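Trainee: I would like to learn how to read a sheet and its loops. Please take me through an example.

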Amino acid sequence: PPPPPPPPPAPAAAPPMPFQFMGRLDEGQGVKVFLQNGERLYTAAVGDVLEGKYRLTRIDANQLTFTYLPLEQQQVLALGSRS
(Lines give C-alpha, C1' and ligand atoms only; values in the text may rest on other atoms or scores of the structure.)
Protein backbone atom coordinates (compact mmCIF):
# COMPACT_ATOMS: atom_id res chain seq x y z
CA PRO A 1 0.00 0.00 0.00
CA PRO A 2 1.13 3.57 -0.55
CA PRO A 3 2.64 5.37 2.42
CA PRO A 4 0.32 7.67 4.36
CA PRO A 5 0.36 11.31 3.27
CA PRO A 6 2.68 13.58 5.23
CA PRO A 7 1.08 15.66 7.96
CA PRO A 8 0.12 19.18 6.97
CA PRO A 9 2.84 21.73 7.62
CA ALA A 10 2.61 23.70 10.82
CA PRO A 11 1.64 27.31 10.31
CA ALA A 12 4.67 29.50 9.84
CA ALA A 13 5.77 31.33 12.95
CA ALA A 14 8.10 34.24 13.36
CA PRO A 15 11.48 33.36 14.85
CA PRO A 16 12.20 34.34 18.45
CA MET A 17 12.67 38.07 18.94
CA PRO A 18 16.39 38.72 18.39
CA PHE A 19 16.57 42.10 20.14
CA GLN A 20 17.35 43.05 23.71
CA PHE A 21 15.99 46.31 25.09
CA MET A 22 18.82 48.56 26.27
CA GLY A 23 17.06 51.83 27.03
CA ARG A 24 14.85 54.63 25.77
CA LEU A 25 15.11 58.34 25.10
CA ASP A 26 12.10 60.65 25.16
CA GLU A 27 12.81 63.50 22.75
CA GLY A 28 10.66 66.37 21.50
CA GLN A 29 10.15 64.48 18.23
CA GLY A 30 9.05 61.31 20.01
CA VAL A 31 10.48 58.29 21.74
CA LYS A 32 13.51 56.38 20.54
CA VAL A 33 14.56 53.02 21.92
CA PHE A 34 17.98 51.43 22.03
CA LEU A 35 18.13 47.78 21.05
CA GLN A 36 20.91 45.22 20.78
CA ASN A 37 21.18 42.08 18.67
CA GLY A 38 24.49 40.36 19.36
CA GLU A 39 27.20 42.90 18.57
CA ARG A 40 24.84 45.28 16.75
CA LEU A 41 23.25 48.28 18.43
CA TYR A 42 20.18 50.04 17.03
CA THR A 43 18.35 53.26 17.75
CA ALA A 44 14.75 52.97 16.58
CA ALA A 45 11.55 54.98 16.53
CA VAL A 46 8.03 53.84 15.64
CA GLY A 47 7.92 52.95 11.95
CA ASP A 48 11.60 52.07 11.64
CA VAL A 49 12.51 48.72 10.06
CA LEU A 50 15.37 46.79 11.64
CA GLU A 51 17.43 44.20 9.76
CA GLY A 52 14.94 44.42 6.90
CA LYS A 53 12.51 42.16 8.78
CA TYR A 54 11.18 43.85 11.90
CA ARG A 55 9.13 47.06 11.94
CA LEU A 56 8.78 48.79 15.29
CA THR A 57 5.05 49.46 15.35
CA ARG A 58 4.43 50.68 18.90
CA ILE A 59 6.27 51.84 22.01
CA ASP A 60 4.36 51.50 25.27
CA ALA A 61 5.43 52.12 28.84
CA ASN A 62 6.30 48.47 29.42
CA GLN A 63 6.66 46.84 26.00
CA LEU A 64 7.62 47.28 22.36
CA THR A 65 5.49 45.86 19.57
CA PHE A 66 7.16 44.76 16.34
CA THR A 67 5.77 43.38 13.11
CA TYR A 68 7.80 40.52 11.64
CA LEU A 69 7.41 41.60 8.02
CA PRO A 70 7.90 38.28 6.14
CA LEU A 71 4.84 36.83 7.92
CA GLU A 72 3.08 40.06 9.01
CA GLN A 73 3.04 38.70 12.57
CA GLN A 74 3.21 40.87 15.65
CA GLN A 75 5.77 40.20 18.35
CA VAL A 76 6.12 41.87 21.72
CA LEU A 77 9.31 42.65 23.61
CA ALA A 78 8.92 43.51 27.28
CA LEU A 79 10.94 46.55 28.29
CA GLY A 80 13.70 45.64 30.64
CA SER A 81 13.76 42.16 29.15
CA ARG A 82 17.23 40.78 28.60
CA SER A 83 16.07 37.64 26.82
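Trainee: Where is D60 found?

Mentor: This is a predicted model. In it, D60 lies in the loop between β5 and β6, the latter spanning 63-68. β5 and β6 form a hairpin, with three residues between them.

Trainee: Which side chain does the side chain of D60 join in a polar contact?

Mentor: That of R58, at 2.7 Å. Leaving out residues up to four places away in sequence, D60 touches R24 and L79.

Trainee: How do I read the pairing of strands?

Mentor: Strands of a sheet pair through backbone hydrogen bonds, and the pairing is either parallel or antiparallel. Here β5 and β6 run antiparallel and are joined by five bridges.

Trainee: How many bridges join β4 to β5?

Mentor: Two, and these strands also run antiparallel. V49 stands opposite R55 in β5, while L50 has Y54 as its bridge partner. The hairpin of β4 and β5 has three residues between the strands, and E51 takes a positive phi there, near 55 degrees.

Trainee: In what order do the four strands form the sheet?

Mentor: The order is β4-β5-β6-β7, in an open sheet with antiparallel pairing. Its edge strands are β4, residues 49-50, and β7, residues 73-78. Each of these two pairs on one side only.

Trainee: And how should I think about side chains along a strand?

Mentor: In a regular strand they alternate between the two faces of the sheet.

Technical notes
Residues numbered from 1 in each chain as written. Predicted model: local features only at pLDDT ≥ 70, side-chain atom pairs only at ≥ 80, totals over all residues. Heavy atoms only, no water. Pairing = 2+ DSSP bridges. Polar contact = N/O pair within 3.5 Å; in protein donor to acceptor, adjacent residues only side chain to side chain. Contact = heavy atoms within 4.5 Å.
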